[in-house]
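Morning, everyone. Let me take you through one model. We start inside and finish with the backbone.

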Amino acid sequence: MATNPNSELNPNLIIVFGGTGEGKSSVINAILDYLKVHGKRALTGNGPSGTTLASENYSFVYNRVFYQIIDTAGLNEVDSGSVKPLEALKNLSKLLRSIKDGVSLMIMVSSSPKVKTHHEENYKLFFETLLENSSSVSKLVVITHQALKDDTIEIDRRSRECDVAFSSANMSFAEPPVLGMFGYDPVMTPEDVQKAYKPLIESSVKRLLRVIESGAQRGNISISVLSDDYQTYFMKTAFRVLVFLARLFSLKVEWARVGNFVANFVVSEAVTKLSHATQVSEGEVMGIIFDPSNSSNNK
């Protein structure tokens, strides 16, 4: 369900996520630079560790519509990285629970047109594990590091190929993938190459903004986050199952014991999903779920 009309105080919210080094911050900076937005820029880097340590917000206006875009910490880092998997999961959990006015678009960034294991894991983490109603939110995949000339036919062909690849991996998006060049390292890139990249980046941003406008046209859609209140969700599920069993078999059951069994089963399923998607141990995931500071009452 859409929330309040778009305004500077209620912008269309876009969440950008993906693995470390995929180009999330570069995509955001390319948009801000193209629209000549004043203010801060997202940190970028080419090292093995992430440069975005926590979620950062940026605002822009396009065709008189207000947007706020959130750059999330990189996923899939090893434990020695600057953003440990457990910390990234905590940040995502808190971010999603803090959103009150809904989301208009979720963008997954990939540096490769080929579907890799961590792409599937990140997709499942957001749309099959953390969010209960992800089908109602528009999704988009942006593929970076693609130095394509402004050839509409070739770009459309490559985009369709990528769309088929992601669909084959059971990842569905509202629009075909957006491929393009969104940034470069000014220190490592020769000046003549920079000049060649600039028009490629500009045409890439134009394509992306058109898709963003299309994908976010419904405005913000309310989201339901599974981690909003794990205890309540699990116990409600347990109670429903118990009532069903009692009615089906007309048995006198020990409610507390069976309730705990069912609740533990549901908890186990959710924890296993989270652990697999984030490569965080099940014990650490349990700590996040039942940490009182993560309760929806303490937002």
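This is a predicted model. Start with the largest nonpolar core, which has 31 residues. Inside it, the residues with the most contacts are L96, V103, M106, M108 and I223.

Which elements give two or more residues to this core? On the strand side, they are β1 (12–18), β4 (105–110) and β5 (138–143). On the helix side, they are α2 (85–98), α3 (117–130) and α4 (152–168). The most comes from α3, with five residues.

On to the backbone. Most residues other than glycine have a negative phi. Two residues here are worth a look.

Take K36. Its phi is near 55°, a positive value, and K36 is not glycine. Where does K36 lie? In the loop between α1 (24–34) and β2 (56–62). Buried or exposed? K36 has a relative accessible area of 68%, so it counts as exposed.

Then N63. Phi of N63 is near 50°, again a positive value in a residue other than glycine. N63 sits in the loop between β2 and β3 (65–71). Its relative accessibility is 48%, so N63 counts as partly exposed.

That's my tour. Over to you.

Key:
Residues are numbered from 1 along each chain as its sequence is written. This is a predicted model: local features need pLDDT of at least 70, side-chain atom pairs count only at pLDDT 80 or more; totals for chains, interfaces and linings use all residues. Side-chain values use heavy atoms; hydrogens and water are left out. A nonpolar core is a set of buried Ala, Val, Leu, Ile, Met, Phe, Trp, Tyr and Cys residues joined through side-chain atoms within 4.5 Å. Buried means under 20% relative accessible area, exposed over 50%, partly exposed in between (1.4 Å probe, protein chains only). Helices (H or I, at least four residues) and strands (E, at least two) are DSSP runs, numbered from the N terminus.
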